Amino acid sequence: TASLATAAARAALTAAGIDPSDIGLIVLATATPDQTFPASATLVQAALGINDCIAFDVAAVCSGFLYAMTVADSMIRSGAADKALVIGSETFSKILDWEDRTTCVLFGDGAGAVVLGAEESELGSRGILASRLHADGRHNQLLYVDGGPSTTGTVGKLRMKGQEVFRHAVGNLASVLREVLEAADLRADQVDWVVPHQANARILDATARKLGLSMDNMVVTVDQHANTSAASVPLALDVAIRDGRIKPGQVIVLEAMGGGFTWGACVLRL
């Protein structure tokens, strides 16, 4: 996880034209850390040659990147750092039960990263316009890993009740997308691109229809990367920026839902 995260971080730094020494904060979203502790973010920090910065992990599974983005945005706004690396990195292949065909064929390994920075601009002209996060721990048994240091002492394997997760995902994602657009004072037809968590194509299609959005405005990479949990949103964002679909000045919505359940959305203008 840390080596994938480091590669993604280097690519993001290069794209942003930022030297690693300029980074004051690293927030790494992952459900598959290299070690119980220390945080994988500190391994990335060391690999990048950054002697001192704030560095920690966020655990919110597939919603982790949205949680990490929101935390980093808040810390930048508070003055804790000027520039931050936000990373989603996962090695789900390590926690899959390869005898369970209902889960093992769905997930992949990967990492993606963005650089956030404080910058003077007119209100709403650029940057993160609104974020909304949620969690509901009552649904733990629908999507979880059956192990842990303080319970079984083992890593465990991923377990999922797919149909129930699908039902909650469509409702929760549609709800939080409406909520975050209202917070940003935007309508759905003002959104240029939705970059969703790449859980599966059926969830993406059902969510789009519920909101009256066209799939033509959805960035879909699940067929390329599978479900890479916290890495899926930044990986999809990277693909759409590099192929020219996403351009400066456009309104982008990021959304995700994962085990816990956790879910959230973020509106930004590039």
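Which residue stands opposite Leu 133 in S10? In this predicted model, that place is taken by Gly 264. The two residues belong to a pair of strands, S5 and S10 (residues 262–269), that run antiparallel and are joined by eight bridges.

Zooming out, S5 and S10 are part of an open sheet of four strands, with the order S5-S10-S9-S8 and mixed pairing. Strand S5 (127–135) and strand S8 (193–196) sit at the edges with a single partner strand each, so one side of each has no neighbour in the sheet. From one strand to the next, the twist averages 15°. Helix H4 (residues 162–183) packs on this sheet, where it touches S5, S10 and strand S9 (251–258), and its direction makes about 145° with that of S9. Another helix, H7 (residues 232–242), lies across S8 and S9 and runs at about 140° to S8.

Now for the rings. A pair of aromatic rings is described by how far apart the centres are and by the angle of the planes. The count here comes to one aromatic pair. Phe 92 and Phe 107 form it, and they are stacked, at 5.3 Å centre to centre with 25° between the planes. Both residues lie in the loop between strand S3 (83–91) and strand S4 (109–117), so the pair ties together parts that are 15 residues apart in sequence. Phe 92 is buried, at 3% relative accessible area, and Phe 107 also counts as buried, at 11%.

Two arginines lie over ring faces as well: Arg 202 over Phe 166, at 4.2 Å from the ring centre, and Arg 245 over Trp 193, at 5.9 Å from the ring centre.

Terms used
Residues numbered from 1 in each chain as written. Predicted model: local features only at pLDDT ≥ 70, side-chain atom pairs only at ≥ 80, totals over all residues. Heavy atoms only, no water. Phe/Tyr/Trp six-rings, centres within 6.5 Å; stacked < 30°, edge-to-face > 60°. Buried < 20%, exposed > 50% of the residue type's maximum accessible area, 1.4 Å probe, protein only. Lys NZ or Arg CZ within 6 Å of the ring centre and 35° of its normal. Pairing = 2+ DSSP bridges. Axes fitted to C-alpha atoms, helices over the stretch in contact; angles between N-to-C directions. Contact = heavy atoms within 4.5 Å.
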